[in-house]
Each structure stands twice: as C-alpha cells, then as structure tokens.
Amino acid sequence: MPGQYLRLLALLSPASVIIGVFFLAPLAIMAVYSLLEPGLYGGVEWTLYPDNFGRVLGWADGSQEDFDPVYLAIILRSFKLAAITVLLTLALCYPAAFWVARQPPRMRNFCLFLITLPFFTSLIVRLYAWVLILRPSGFINSALQGLGLSDRPLDLIYSETAVLIGMTYIFIPFMFMPLYASVEKLDRRLLEASADLGASRWQSFCRVILPLTLPGIAAGSIIVFIPSLGNFIVPSLLGGARVLMIGNLVEQQFLAARNWPFGAALAMLLMAAVLVCLMLYVFALGRSEKREVRA
C-alpha cells in the first residue's frame, strides 16, 4: 500500500505542480490585487481597498469610488447572452446529434469530422469572415436587396444579434460532442418498449429520451455557458462598442484604464459566477446518480 501511494504521488506531482504554478498562483495574485488600491498611474498601492467590489455590488464609499449600475448591467447582459447562446446551440445540436447517431459508421465518422473541422482554422479568421457576411455590404444584405426583400441594408453588425450569431457558431462543437455521447449510448430497446406499452412519441421523449440524455445536456450547457460568459473576442469583433460583456470590461480595465485592482475584482466576480455554475452542475449530477442507485 505505501508503494502504491508513492507511485500515485509521483504520477500526480507533475500535474499538480503545473496546476499550482500556472493556475492557482495567478489566481491568488488576482485575488490579492482585487483588494488593493489602484495606483495613480497604473499598478497598485499596497493598502486594503474593498471598494473595488463596491463599485459593482453597491458598497462604494462615495468619495473615491461610486457605485455605478452600468457594471451590473454589463454583467447581466453577459449572463443573458451566455444563456441565449446555450439555448441556441442546444436547439441546433440536439436534433443533429440524433440524426448523426442514426447514420452508418462511415457517415457518422465523416459528420464528426465536419463538426470538428472549424478547429483547424484560426478563430480570428472565422470571426472576420462573419464580419464580411454581416456588414452592410456583406453577403446577407446583398442577397436580401438582390431578392427585393429589403430596401436598405439591415443593421446586423455591431449588435447583440451579431454577437449571438458568432458565439453560437463558435460553441456548436462544444455542445454537440457531449450531446452526441449521450445520444449514442441511448438504448433503442427502451424506445421500443415504450412504444409497445402505448406511449406516444412525446411521452417517450419526455419520460425516456430526455432523462437519459440529460447528463449530456447539462455537460454541454456548462461547457458552452462558462466560456460564453467570459468571452471578449466575439463582442470585440462583432459587437464593437455597442455590446460590452464582462470579458471586454476586464480587458479595458487592465489595458486601457490601467486600473488593475478593479479589473481583478471583475475577474474574481466572473470566477465566482463560474464556480457557482460548476457547483450547481456537480450537485445536480450527484442527485441524479443517487436516484439511479435507488432505482
């Protein structure tokens, strides 16, 4: 037994050191910076300054820092866009996962290759392609005007619609893979038994398919929601100055405003939101496993 523990420790030590150095240490630095006073010309002053969080959460002293509801509005907008992105990717990927799972093995592998194909191209290049598509002189507006469906170009670029299109496009593979894994493991005999017992298609979906694929739905939703919440590349390129998300706000505070403590406070709030989502997912997963054991 001691030899097994030593072997396990030797195997886990490199990964633990890498995680500690490149994840936990920067996170601890950000946590410390979020409680310090911002320097006059950037950097930090080593004095306790909790008003960085007060600017967002409402307990700013009113003399040096003021509570500004615009930050809460940006955070709520980030949650809204991330949640809508989850719903859009789920609506697109859920039926597609069933269709792919029913294909012959060769066709199935080809479809999976097509799903992962965008990873072979730079994200920036793909987003600039959407800029060319959505701009006033882009493909969509040119097609609508050519068909006589629109008299003037639609205001698609630099809007929440453009941001949702971009994030949905980017995160489709992240939603599809967990869903496909759940759908592929679905036992078709359960559907046949449900039909033999007189259940309609809707009843079979609600009582058989949905509960069995719920782990894939939850995993895909978490995988899509977390990076969508902190995304700043898509809003920067497709949203412009009109659509700010919390990731853009953190970037501005570190690079443009040079207010590192406030940027760190925003980043810690984002981390707290991600941690809450992960805890809810683990709690829900634990409850579902307990129900399966009891059954």
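This is a predicted model: local features need pLDDT of at least 70, side-chain atom pairs count only at pLDDT 80 or more; totals for chains, interfaces and linings use all residues.
Which residues form one aromatic cluster together with Y94?

**Figure 1. The aromatic cluster around Y94, F98, W202 and F205.** The structure as a whole holds 12 aromatic pairs.

**Figure 2. The tilted aromatic pair of F79 and F225.** The ring centres of F79 and F225 lie 6.0 Å apart, and an angle of 50° between the planes makes the pair tilted. The pair links distant parts of the chain, with F79 in helix α3 (residues 69-101) and F225 in helix α9 (residues 201-229). F79 is partly exposed, at 31% relative accessibility. F225 has a relative accessible area of 11% and is therefore buried, the cut-off for burial being under 20%.

**Figure 3. The edge-to-face aromatic pair of F119 and F174.** The centres of the F119 and F174 rings are 5.5 Å apart. Because their planes stand at 90°, the pair counts as edge-to-face, a class that requires an angle over 60 degrees. F119 belongs to the loop between α4 (105-116) and α5 (123-134), whereas F174 belongs to helix α7 (residues 160-184). The pair thus links distant parts of the chain, 55 residues apart. F119 is partly exposed, with a relative accessible area of 46%. F174 is likewise partly exposed, at 30% relative accessibility.

**Figure 4. The bend in helix α7.** Helix α7 comprises 25 residues. From its first C-alpha to its last, α7 reaches 34 Å, close to the 36 Å expected at 1.5 Å a residue. At F171 the helix bends by about 45°. A proline, P173, follows within four residues of this bend. F174, the partner of F119 in the edge-to-face pair, also lies in helix α7.

**Figure 5. The charged end of R55 over the ring of F262.** The charged end of R55 sits over the aromatic ring of F262. The distance from this charged end to the centre of the F262 ring is 3.9 Å.

**Figure 6. The contact between domain 1 and domain 2.** The protein is divided into domain 1, made up of residues 22-67 and 259-294, and domain 2, residues 84-255. Taken over C-alpha atoms, the centres of domain 1 and domain 2 are separated by 29 Å. Where the domains meet, 14 residues of domain 1 are in contact with 12 residues of domain 2.

Methods: Residues are numbered from 1 along each chain as its sequence is written. Side-chain values use heavy atoms; hydrogens and water are left out. Rings of Phe, Tyr and Trp (its six-membered ring) pair if their centres lie within 6.5 Å; planes under 30 degrees apart count as stacked, over 60 as edge-to-face and the rest as tilted. Helices (H or I, at least four residues) and strands (E, at least two) are DSSP runs, numbered from the N terminus. Buried means under 20% relative accessible area, exposed over 50%, partly exposed in between (1.4 Å probe, protein chains only). A charge sits over a ring if NZ of Lys or CZ of Arg is within 6 Å of the ring centre and within 35 degrees of the ring normal. The expected span of a helix is 1.5 Å times one less than its number of residues. The bend at a residue is the angle between axes fitted to the seven residues ending there and the seven starting there. Domain bounds come from an automatic or database domain assignment. Contact means heavy atoms within 4.5 Å.
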